[in-house]
Amino acid sequence: MFGYTGKILHVNLTDHTLEIEEPPESFYRDYIGGSLMGLYYLWKHSPAEIDALDSRNTLTFALAGPVGLPVSGQSRCTATCKSPTTGGVADSQAGGFWPAELKFAGFDAIVIHGASDTPVYLSIIDGEPKLHDAAHLWGKTTLDVDETLKEELNDKKIEIAQIGISGEKLANFAAVMNMSNRAWGRTGIGAVMGSKKLKAIVVRGSQKVEAADKKAVLALSKQGAKDLEPSGMARFGKYGTAGSVMGQQGGGGLPSYNWSSGVMETLEEAEAISGERLYDEILAGAAEEKQDRKGRDTCYACIVRCKRVVENEWRENPLIPEYGGPEYETIATFGSYCGVSDLHAVTYANQLCNEYGVDTISCGATISWAMECYENGVITKEDTGGIELNFGNAEAMIEMLKLTLNREGFGDVLAEGSAKAADRLGKGHEYLLTVKGQELPAHMPHVKRSLGLIYATNPFGADHQSSDHDPVYHPKLYEGKPGRPGYKKFLEPLGLTRPQHPKVLNEEKVEFALKTQYTFSAADTISVCQFVYGSSWQLYGPQDMANLMEMATGWDMSVDDIQEIGRKRLNLMRAYNAREGLTRDDDTLPRKLLTKALKGGRSDGIMIEEEELENAKNSYFEQAGWDQVTGNPTRATLEAVDLGWVADDLGL
Amino acid sequence: MRAWQAKPLQKLMQITIRLYGSLRDILPSENKGQTRLDLPAGSTVGDALKKVGLPDDGYYTAVNGENIDQNSRPLEDGDYVLVFAPAAGG
């Protein structure tokens, strides 16, 4: 079998046993890897309706065929389990070097069962898995653990996935980190790993990934190098995702003041937290204009180099390069959501989150929720322990963040995430920005209307990386012009030929949402980066994704096959949520978005209309082949994606 | 002998344009995304975009702090034009 190692490691933490499964190729063809494979193990090994922190929650880290090949955008790994945040499926991807190194160490996936009584860490060195005591690592920050393990195992080249202190303390939005700056961030996977007392997974190996067609992989790699400049991806790499801050401000789509506005109050405040400012002033090497060499980092074999490396300080606190720099999402949640225009403070907040291991989206959004509660007198200084938690107060934001990360004082309440915090306090629900208990990411459905549909219906809560965004289907951007390549090239092969304005949510736009959701769903299964193979970020596109999968495995693979893989994963997620008791009623948007219009900027006066959303859901469920009343997959649809056994399990 | 006839001098105006995000790299890096442009009187926002080498539509633009929807809007001497690229995911 090409592309894969053919081995899956099962770790039972309850009795500290290890078992290696060697599934037949047919299993890999059916469940591919990444998210789809993780879902399979979750379904098969975890009973229905358990608590997410129950030891029987099965946590899988899974790769697919392309991971470890010498081409951009393939070092991705999906973690899957039941989510403590949503009560449905937890699913999150991370890049870096860890995913490729796991393949080199000899495994396609690690399936973690049970829970240990005492802290442990797992190492897999050249095909040899081993559990170790981790008492000495418990309570340490991520970089400290990185350094300790490299010294302990006498190898600076090991790659480490780990929970931070917030994962140990079961924070609702705890992440799993690698390199101390890459995160399996969303859906609370760090809390699940913490509940199992698994502190870290160390991987290192020298096994080569055998592609079915090595020459074709190298040709694809060369093509990427040639296209880097003309595709615009060189500039994306230069400013990273942070480069989109001003575009959001200009379009009225920069969520500000806990989503009361789509713009920062002044242009200067938005400029102060922009990707350009980050590049000019905070990236390592900025003082000598060597940011492109010193201030950018990458994932295994990727030429885009979009990750930020910072070197500066905030109020005498050093901004440490190893903790990386903020992505757009982090700049928004700790910046514009909180009304904070101090980019050094935002960068320090990012560092603290990486040091303790939390999702910067949910954590920042939880603090902005608390700020709106404070501004409106719902919580007071008595609640916050004297902290004046007003919008724009960077010192207060950092102080409250530290309390949250350590679960001290009011921070212990906020570590539950905003939805559970509101329940615990019995107030503040009107300011929540959560879907299925998870905080909204930083793209606004007011100006990207199909995103509202995906935020409402996505199985693991509101997510901005589960479908493409409306502007790419704008008639002007779809077609392109000299000097600006159009998105048609990548969208037409998906059957998307009816471009629409971003503020429209009609049947054509629902088709756009669903079909691009299949593509993104496939990327998370095939384990490739959406910024490199997605339908809008254009170093490669969906056809290249299909080609890469074929080059890696030798299996015939077309764009239609890619779409079917994505469709199958989406159906299995949705079916899992049905098994756990979620229904169409859970597919909605925060009341705030449905009842309050935005103020200021290009989105002034815009509110999401509930009727429009419900109509779109009807159309979406119909196009997906799901039941209109429950929103769950039907037997016919499950059978169409080779998941008849799931229909059997659900009693359909 | 034909009398020499002077061509009427073309009236010019000067505006400032600021390009955000990765658009700023269209200009030399020392400009940090901002430059002054000399344009014929009566030029539009779209003309200014073309002058810096961008397509004349498909961006969010603002003139003197006011968002505008039509890039056919005429400019005046001293105007300050902002150009933002729509953001996809990330």
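In the predicted model, A:F334 is in contact with A:V340, A:V346, A:A349, A:C353, A:T360, A:C363, A:G364, A:I367, A:M397 and A:L401, when neighbours within four places in sequence are left aside. A:F334 also belongs to the largest nonpolar core, which comprises 86 residues. Within this core, the members that touch the most others are A:F334, A:W369, A:M397 and A:L401. Another core, of 64 residues, lies apart from it and includes A:M37, A:V209, A:C529 and A:L572.

A helix pair in chain A was examined next. Helix α7 (residues 214-227) of chain A packs against helix α25 (residues 542-553) of chain A at an angle of about 150 degrees, and their axes are 9 Å apart. Because angles over 145 degrees count as roughly antiparallel, α7(A) is described as roughly antiparallel to α25(A). The crossing in which α7(A) passes α25(A) is left-handed. On the side of α7(A), the contact is made by A:A216, A:V217 and A:L220, while α25(A) contributes A:D544, A:L548 and A:M551. Five residues of this contact are nonpolar and one is charged, with no polar residue.

In chain B, strand β3 (residues 60-63) contains B:T61. The relative accessible area of B:T61 is 1%, so this residue is buried, the cut-off being under 20%. Residues up to four places away in sequence not being counted, B:T61 touches A:R602 of chain A as well as B:V45, B:E66, B:N67, B:I68, B:N71, B:L82 and B:V83 of chain B.

Terms used
Residues numbered from 1 in each chain as written. Chains lettered and ligands numbered in written order. Predicted model: local features only at pLDDT ≥ 70, side-chain atom pairs only at ≥ 80, totals over all residues. Heavy atoms only, no water. Axes fitted to C-alpha atoms, helices over the stretch in contact; angles between N-to-C directions. Helix = DSSP H or I, 4+ residues; strand = E, 2+ residues; numbered from the N terminus. Parallel < 35°, antiparallel > 145°, perpendicular 65-115°, else oblique. Left-handed = near helix turned anticlockwise from the far one by under 90°. Contact = heavy atoms within 4.5 Å. Nonpolar A, V, L, I, M, F, W, Y, C, P; charged D, E, K, R; others polar. Buried < 20%, exposed > 50% of the residue type's maximum accessible area, 1.4 Å probe, protein only. Core = buried A, V, L, I, M, F, W, Y, C linked by side-chain atoms within 4.5 Å.
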